[in-house]
Amino acid sequence: MVCGLLASGGVQGGSFTTVEVPGATSTTVDGVNERGGSVGTYAVGMSSRGFVRRADGAITTFDVAGSLSTYARGINDGGTVVGHYDSGLGTGGYTRGVDGTIATFVVPGAAATFGADVNNLGQIVGTYSIGGVFDFHGFIRAADGNFSTFDVPGASWTYAEGINDQGQVSGFYFDGMAFHGYLRASDGSFTSFDVPQSMSTFGGGLNNAGSSVGYSVVSIFTSSGFVSIATGLVRNPDGTMTSVVVPGSASTYVAGINDRGQIVGNYVVNGVARGFITAVPEPGGGTLLATGVLGLLMVKRRRRS
């Protein structure tokens, strides 16, 4: 269902399509590959399940066997899906092959492992916690199954959300006061960024050109009190950022981007989350315009080694 236009100076051309799993109370889309295949999570009652959506709109749902809830987060061009699941006794990561075969994994010594994204080399990124809460760190799982871990320097918590084929990692971190987006280069150096005047900035996925996505949060005072509003963002390789607002939504969250410029995420209307995916931009099609454009934002970068 084509619903309108997305606001973004960083992604060219095209409209967006709302994604809703039939019968779901909410739907989010978190990852997209070069073929336009996407993955996400939908809720029914108190449980969540993963789904894979083909470019033609066909949806396949799945669960990790024995889990209470399953969350699908990333997909590569070969169709491998990664995410995490809740067993009731803990949280683990998993991979799902194109044939539907699921294999689980955990970071050694971790009480909780959250798989987030997978690149075309089979490298997986995500977040883990030793104690299960209030200590979060990033990890990279190599194709051979070996893990390496990392933290943004000075961060209380580090979350890894995306990885491209060059080994760049994107995500966000908490410094004890607010959340900030970051990019981690293949050499291990970090670049952090914030949307000006926002309370917090959250980095999401990224593509092979180095464009990344995410969202920022501000709080405004209304007749009902203070309300937090999320605005999606696309961060260009030169550090400039543009906002993404789904017309008519209360908040917009951007989670993934592919090399063709398609972006995915979710938006909220009347308290209900609905997923979206954009069309493939037309060459030279220019930028998208829509109600609620916040305009071009210059990133405030802090380089850390």
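Reply: Asp 56 is exposed, at 55% relative accessible area. One caution first: this is a predicted model.

Me: What does Asp 56 form a salt bridge with?

Reply: Arg 54. The closest N and O atoms are 2.5 Å apart.

Me: How many salt bridges does the structure hold?

Reply: Four. Side chains of opposite charge can pair when their charged atoms come close.

Me: What about Arg 274, which residue does it pair with?

Reply: Glu 20, with the closest N and O atoms 3.2 Å apart. That pair links distant parts of the chain, 254 residues apart. Arg 274 sits in strand 26 (residues 272-278). Glu 20 is in the loop between strand 3 (16-19) and strand 4.

Me: And how accessible are Arg 274 and Glu 20?

Reply: Arg 274 is partly exposed, with a relative accessible area of 23%. Glu 20 is partly exposed too, at 41%.

Me: Which residue does Asp 63 bridge to?

Reply: Arg 49, at 2.6 Å between the closest N and O atoms. Asp 63 lies in the loop between strand 7 and strand 8, and Arg 49 in strand 6, so the pair ties together parts 14 residues apart in sequence. Asp 63 is partly exposed, at 33%. Arg 49 also counts as partly exposed, at 30%.

Me: Strands 6 and 7, then. How do they pair?

Reply: Antiparallel, over four bridges. Strand 6 covers residues 47-53. Phe 51 stands opposite Thr 61 in strand 7.

Me: What's the strand order in that sheet?

Reply: 4-5-6-7. It is an open sheet of four strands with antiparallel pairing.

Me: How does the lining of the largest pocket split by class?

Reply: 18 nonpolar, 22 polar and eight charged residues.

Me: And how much space lies in the second largest pocket?

Reply: About 280 Å³. Of its 16 lining residues, the closest to the centre are Val 52, Arg 54, Ile 75, Gly 79 and Val 98. Arg 54 is also the salt-bridge partner of Asp 56.

Me: Last one, strand 19. How many of its residues are buried?

Reply: Five of five, over residues 190-194. Phe 190, Ser 192 and Asp 194 point one way. Thr 191 and Phe 193 point the other way. In a regular strand the side chains alternate between the two faces of the sheet.

Me: Which strand pairs with strand 19?

Reply: Strand 18 (residues 179-184), antiparallel over four bridges. Arg 184 stands opposite Phe 190. The hairpin has five residues between the strands, and Gly 188 takes a positive phi near 95°.

Definitions and conventions:
Residues numbered from 1 in each chain as written. Predicted model: local features only at pLDDT ≥ 70, side-chain atom pairs only at ≥ 80, totals over all residues. Heavy atoms only, no water. Pairing = 2+ DSSP bridges. Helix = DSSP H or I, 4+ residues; strand = E, 2+ residues; numbered from the N terminus. Nonpolar A, V, L, I, M, F, W, Y, C, P; charged D, E, K, R; others polar. 1 Å grid on protein atoms, 1.4 Å probe; cavity = no way out; pocket = protein on both sides within 12 Å on 5 of 7 lines; lining within 4 Å. Points joined across faces, edges and corners; volume = space filled by probe spheres on them. Salt bridge = Lys/Arg side-chain N within 4 Å of Asp/Glu carboxyl O. Buried < 20%, exposed > 50% of the residue type's maximum accessible area, 1.4 Å probe, protein only.
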